[in-house]
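Here is a short briefing on one protein chain. Keep the sequence and the 3D view open as you read.

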Amino acid sequence: MIHKSSGSGRRFLTYPAIHPCDSISPLTLLNSLIDLGGDICSYKPKFFSVNKGNARETFRQIANLLVFLQEIRDTSSDLPDLVILSLSELHLTLQKIRYLLEDCTREGARAWMLVNSDRVANQFRIVIRGLATGLDVFPLSTIDLSNETKDLVELIIRQIRKAAFEPDPEDKEAMKDLMRILNHFEEGNAPDPIEIRRVLDHLGVRKWSSCKKEVEFLDSEIGTEFCNGEKRRELELLSSLMGFMSYCRCIIFDTVDFESQHRNGQYSSSSGGEGFKGVNVDDLKCPISLEMMSDPVTLSSGHTYDRCSIIKWFRSGNATCPKTGEKLNSTELVPNLVIKGMIQRYCAENGIPVVVSRGKNRDISRTAMAGSSAEEGAVKILTGSLINKLVNGSDEEMNKAAFEIRVLTKTSIFNRSCLVESGTVPHLLNLLLSEESNIQENSIAALLNLSKHSKGKVAIVENKGLDLIVHVLRKGLKIEAQQQAAATLFYLASVEENRALIGENPEAIPGLVELVKNESHYCKRNALVAISGLVVHPGNHWRVLASGVVPLLLNLLRNSEREDLVTSSLAILATLAEKIDGTVAILRRGGLQLLVEILNTSTSEATKEHCVSMLLALCVNGGLDVVARLVKNPSLMRSLYSQLSEGTSRASKKAGAIIKILHQFYESNSPSASVTQVLPQERFVHVW
């Protein structure tokens, strides 16, 4: 009966309360009201960063209301319709009160609550006076209640109407302090630490992890506001607060206490997992963008899409479900928390730090610039402080600074740009030679994030960082540092000139191949994507082939259950197969039959496309012998025809080319064909 909410799927200060059904029994309704009132009272011991006085008044009136409701339940068995109608309205109001209290005590939302303290006080005023209105029209004369209870109801109504429900004076003072701090940031000046502490103490933000939660909440709100096209003023205020909280996290708090970032007293973000099995990864992708969803929402049709993609669909004038074409009665978007949890778990277990779309989206495009001048000023000031600690700090301070840079650069393009332009890269590169494993790991992780920025790539190469990164790849003090180094090489290899430079380092490709042999899924994944980036450079073809990667990858294809490892392995093999020596190496190791089996059984579009590309290359370079073996496989043709209609455009074209080759071979070798119709191997090599 009670509409439960964890708060994670509901916008801040929104109250999706629902009316009880018309056919509800009086006893069920009363029990639900009493349970709801008890639920509200359970918030009493929780911390309220703002509007403490209004919350206390609310708890007092709800406690009085419970006395009234309990007497009705105990003394009246048959209630008239007017009473049930009034109780239903009270139920709706109590739901809204609980939602409001949920927001008031939400961890991470305290800074936003402070700047919205006037709005929150007004919400208290509205919902509590709604309670008084409901009691005012309650037909007390129709039920048998004691005089004391009737007097109590009248007292509740008078007290509610008399209460002011204004923001606390302490909230107003803290708000003034906060605005002064933001003004300092806008002017490019570091604020007074005492003033900052005063605001943080008022909010109850007394440790690093609390600050991190504030940043995460604000970032989530900014993303939603940005995606929904909300008012610019709201975005600027949210961005300013995020700049403030990021500054506090980096500068004010010296100790990282967040558990998942804490290992043996040091700062680290590595995590393990048993694997993410039994789920088709394609089900976690948006049917519109074909990218992993970051904010999955479900339509009334029952299908789930990424919020940004479906909003763009609606804004284009469509009022149908993109997948089914069904006309929608409602365009309401319901957060799909189950799918979101699965995506987060998948990303965590596969070492994917952030789920973002490659296209223009709320998670990346909005971070290209600071959301406000206050945020810009805060980031620039804290950047200078972090660089100073990298250069002059103790080992502990250097580690903390590298870790904070790692966190700051995780999702924000602006933060990456600001740190690169301020000269962070050479100092982080120097720390790669540190004998402290955590310093090395945090430094390479920070460089990985900076390598995603175009200027970051240039800075790393210009400061002779390639050799240092390869050094970590081969001799990193922790396996986590080695896998971060592999991922960094992948991003650097997105620049054509860098592919040649990395390949020329005699330790780079062998180091990546060695990492593929590691038991860790993260190591395999990062090494494979780095090799796939390097092998497209013609000069690296023979280096990759000479490293012995072909038998290693074929063995991985036979034994791995992870779709991402299979796809990455096939991508490398498909590129190698484009040249004759690569084809020979694959065929000698029994790759042809394995490839057909994967094409016949895989459900991944990317995997099938790589299979088809590789089969075509093997046909072209392997000649009639390969074609003859494929013709004898009856299941292959069914898979190829399936790709003609269901595969990607690229897979469809290549599948068509293979089918043509197979048909030509079959016709040439039929009993009615003359000897001269049989196509020699050289024809395939030159034509295809």
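The points below go from the whole chain to single residues.

This is a predicted model, in which local features need pLDDT of at least 70, side-chain atom pairs count only at pLDDT 80 or more, and totals for chains, interfaces and linings use all residues. Residues are numbered from 1 along each chain as its sequence is written, and side-chain values use heavy atoms, with hydrogens and water left out.

**Confidence**

- The average pLDDT of the chain is 85. This score is the predictor's confidence in each residue, from 0 to 100.
- A pLDDT of at least 70 is reached by 88% of the residues.
- Residues 353–363 stay under 50, and the model gives them 28 contacts beyond four places in sequence. A contact means heavy atoms within 4.5 Å.
- Residues 672–688 are also below 50 in pLDDT, with 27 contacts beyond near neighbours in sequence.
- Where pLDDT is low, the predicted coordinates should not be read in detail.

**The chain as a whole**

- The chain has 33 helices and 5 strands. Both are DSSP runs, numbered from the N terminus: helices are H or I with at least four residues, strands are E with at least two.
- Of the 688 residues, 55% count as buried. Buried means under 20% relative accessible area, exposed means over 50%, and partly exposed lies in between (1.4 Å probe, protein chains only).
- Take the contacts between residues at least 6 apart in sequence: 74% of them join residues at least 24 apart.

**Salt bridges**

- How many salt bridges does a search of the whole structure find? There are 24. Each is a side-chain nitrogen of Lys or Arg within 4 Å of a carboxyl oxygen of Asp or Glu.
- Side chains of opposite charge can pair when their charged atoms come close.
- Glu166 and Arg125 form a salt bridge, at 3.6 Å from N to O. The pair links distant parts of the chain, 41 residues apart. Glu166 sits in the loop between α6 (147–162) and α7 (169–186), while Arg125 is in helix α5 (residues 117–136).
- Are these two partners buried or exposed? Glu166 is partly exposed at 43% relative accessible area. Arg125 is buried at 18%.
- Asp177 and Arg180 pair at 2.1 Å, N to O. Both lie in helix α7, and they are separated by about one helical turn because they are 3 residues apart.
- Asp177 is buried, with 6% relative accessibility. Arg180 is partly exposed, with 38%.
- Lys455 and Glu421 form another salt bridge, with their closest N and O atoms 2.6 Å apart. Lys455 is in helix α18 (residues 454–462) and Glu421 in helix α15 (residues 413–421), so the pair ties together parts that are 34 residues apart in sequence.
- Lys455 is partly exposed at 42% relative accessibility. Glu421 is exposed, with a relative accessible area of 52%.
- Asp177, Arg180, Glu195 and Arg198 belong to one network, joined by salt bridges that share partners.

**The second largest pocket**

- This pocket holds about 240 Å³ of space. The search uses a 1 Å grid over the protein atoms alone; a pocket is an open set of points with protein on both sides within 12 Å along at least five of seven lines. Points are joined across faces, edges and corners, and a volume is the space filled by probe spheres set on the points.
- The pocket has 14 lining residues, each with an atom within 4 Å of a point. Lys524, Leu556, Asn559, Ser560 and Leu565 lie nearest the centre.
- Helices α23 (521–534) and α25 (549–559) each supply at least two lining residues. The largest share, 4 residues, comes from α25.
- The lining has 4 nonpolar, 5 polar and 5 charged residues. Ala, Val, Leu, Ile, Met, Phe, Trp, Tyr, Cys and Pro count as nonpolar, Asp, Glu, Lys and Arg as charged, and the others, Gly among them, as polar.

- Thr567 is in helix α26 (residues 563–576). Thr567 is buried at 16% relative accessible area.
- Leaving out residues up to four places away in sequence, Thr567 touches Ser604, Ala606, Thr607 and His610.
- Arg543 is in helix α24 (residues 541–546). Arg543 is partly exposed at 23% relative accessible area.
- Beyond its neighbours within four places in sequence, Arg543 contacts Gly503, Glu504 and Ile509. Arg543 and Gly503 are 40 residues apart in sequence, and their C-alpha atoms are 7.5 Å apart in space.

Note on methods
1 Å grid on protein atoms, 1.4 Å probe; cavity = no way out; pocket = protein on both sides within 12 Å on 5 of 7 lines; lining within 4 Å.
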